Amino acid sequence: MSRVTAAVCALLVASALIVGVTPASGLGDADSVGTADDPSFSSVHFTITVAADGSAQWTFQYRTPLENDSQRADFREFAARFENETLPLYENFQDRAGALVADGENVSERSMNATAFSRSARVTGLNDNLGVVEMSFTWTNFARVQADRVVVGDLFEGGLYVGESQRLVLEAGEGVRFASVSPEPDSMAGETVAESDSVTWFGPTEFADERPQATFTTAPLPTNTTTATTDGTTTGGGPPETESSGGFPWALYALLAVVLALAVVAGVVGWRSRRDDSTDGGDETGGGTGAPTEPAVPDEELQSDEDRVRGLIEDHGGRMRQVQIVEETDWSKSKVSMLLSEMEEEGELSRIRIGRENVVSLPGHEPGGDRDE
């Protein structure tokens, strides 16, 4: 299967799975809810809940307003049939979901399955004024797992479109929390992305290639709060100081920092003393030059990881293969991939898929090819 076809499948997530759903029109009419087999809906919510193992539960929730008793009765009749019979709406949903996951497996070369299908329908809302149909399935290996990171985005090749009266929600599932999200969401559950358990984009929205992209981490959220105890004392919000949890007392961190600082000072004093002794000895014997000898420090040890990567790419004319960066830095593949992803999000470089390799380029040095993570 071509990558173009896979991109089309990703673009159609917002429409191809809405089988049997017709655009809402004239919902104020008594019979506007549609037939018992083919209801009309006014809005759709797509929710992707990502777990630590890279699996994701995809939930499609279709909504329609119910403005009178006739509409409510019709929808309840449809809901009962939908939950107790296998209607074409649900059959087509299963078929399209299975095909979409199969395409994702071909593109990503990760083993994937569509499992745990479920469905429900109900009348809800204030004064029972909303009809809701919900269908979901679990997409195994949907996200890439890299050490303590779970990354979503590589299957959205070609971008993704969220239509009018639709919304896309990304949720942090069990065992993960948000580390970064791109592009900036329209709404989030907390004050910052890291403090949120969900982020939302409202349609109509057209995402760029491999977007939306989100990085989750399995590391716990650091806490720095201070809590009052019953005896009037306070306790910090750092890791617990118990042997069973592997915690480390914050006071020991401070003590360790002081010890390390003293060790550095002692090392500098000792080095200077040896240097002075060596210089003096040279003058007395006539065998020395009298010039101090500076310790050799490799340039790469003075650079940040980002500066080192930029320097390597510049030395190769503005672009190089990702595997070369792994070889020349002697870093792990996962570290290089994660670092390049972060630099790409900041616009410092780009990655393009050529054949089965990633080519990393500085701005203005991009070759032709299909982008890939």
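In the hairpin of β3 and β4, where five residues lie between the strands, G54 adopts a positive phi near 90 degrees. The structure is a predicted model, for which local features require pLDDT of at least 70 and side-chain atom pairs are counted only at pLDDT 80 or more, while totals for chains, interfaces and linings use all residues. Residues are numbered from 1 along each chain as its sequence is written, and side-chain values use heavy atoms, with hydrogens and water left out. Helices (H or I, at least four residues) and strands (E, at least two) are DSSP runs numbered from the N terminus; on this basis the protein has seven helices and 21 strands. Of its 373 residues, 38% are buried, where buried means under 20% relative accessible area, exposed over 50%, and partly exposed in between (1.4 Å probe, protein chains only). Contact is taken as heavy atoms within 4.5 Å, and among contacts between residues at least 6 apart in sequence, 63% join residues at least 24 apart.

Strand β3 (residues 43-50) has eight of its eight residues buried, so this strand is largely enclosed by the rest of the structure. S43, H45, T47 and T49 point one way from β3, whereas V44, F46, I48 and V50 point the other way, and all are buried. Two strands are considered paired if DSSP finds at least two bridges between them. In general, strands of a sheet pair through backbone hydrogen bonds, either parallel or antiparallel. Strand β3 pairs with strand β4 (residues 56-65) in the antiparallel sense over eight bridges, and S43 stands opposite R63 in β4. With strand β10 (residues 166-172), by contrast, β3 runs parallel and is joined by seven bridges, with L170 in β10 as the bridge partner of I48.

An open sheet is formed by four strands in the order β7-β8-β15-β11, with antiparallel pairing. Strands β7 (144-146) and β11 (177-182) stand at the edges, each with a single partner strand, so one side of each is left without a neighbour in the sheet. From one strand to the next, the twist averages 20 degrees; axes are lines fitted to C-alpha atoms, for helices over the stretch in contact, and angles between N-to-C directions run from 0 to 180 degrees. Helix α7 packs on this sheet, where it touches β7, β8, β11 and β15, and its direction makes about 115 degrees with that of β7. Within the sheet, strand β8 (residues 149-152) is joined by four bridges to strand β15 (residues 213-217), the two running antiparallel, and R149 stands opposite T217 in β15. Five bridges join β11 to β15, again in the antiparallel sense, and T217 in β15 is the bridge partner of R177. Five of the five residues of β15 are buried, so this strand is largely enclosed by the rest of the structure; Q213, T215 and T217 point one way and A214 and F216 the other, and all are buried.

Two packed helices are described by the angle between their axes and the distance between the axes. The axes of helix α5 (residues 305-315) and helix α7 (residues 333-345) come within 11 Å and cross at roughly 90 degrees. Helices α5 and α7 are therefore roughly perpendicular to each other, given that angles under 35 degrees count as roughly parallel, over 145 as roughly antiparallel, 65 to 115 as roughly perpendicular and the rest as oblique. In this packing, D305, E306, V309 and R310 of α5 meet K335, L339, L340 and M343 of α7. By class, the contact has four nonpolar, no polar and four charged residues, where Ala, Val, Leu, Ile, Met, Phe, Trp, Tyr, Cys and Pro count as nonpolar, Asp, Glu, Lys and Arg as charged, and the others, Gly among them, as polar.

Two further residues were examined individually. S337, which lies in helix α7, is buried, with a relative accessible area of 9%. Leaving aside neighbours within four places in sequence, S337 is in contact with R144, Q146, Q322 and R351. T329, found in helix α6 (residues 322-329), counts as buried at 6% relative accessibility. When residues up to four places away in sequence are not counted, T329 touches R308, L312 and V336. The C-alpha atoms of T329 and D305 are separated by 9.4 Å, although these residues are 24 apart along the chain. The side chain of T329 also reaches the backbone oxygen of I325 at 2.6 Å.

How values were computed: A polar contact is a pair of N or O atoms within 3.5 Å; within protein, one must be able to donate a hydrogen and the other to accept it, and residues adjacent in sequence count only if both atoms are side-chain atoms.
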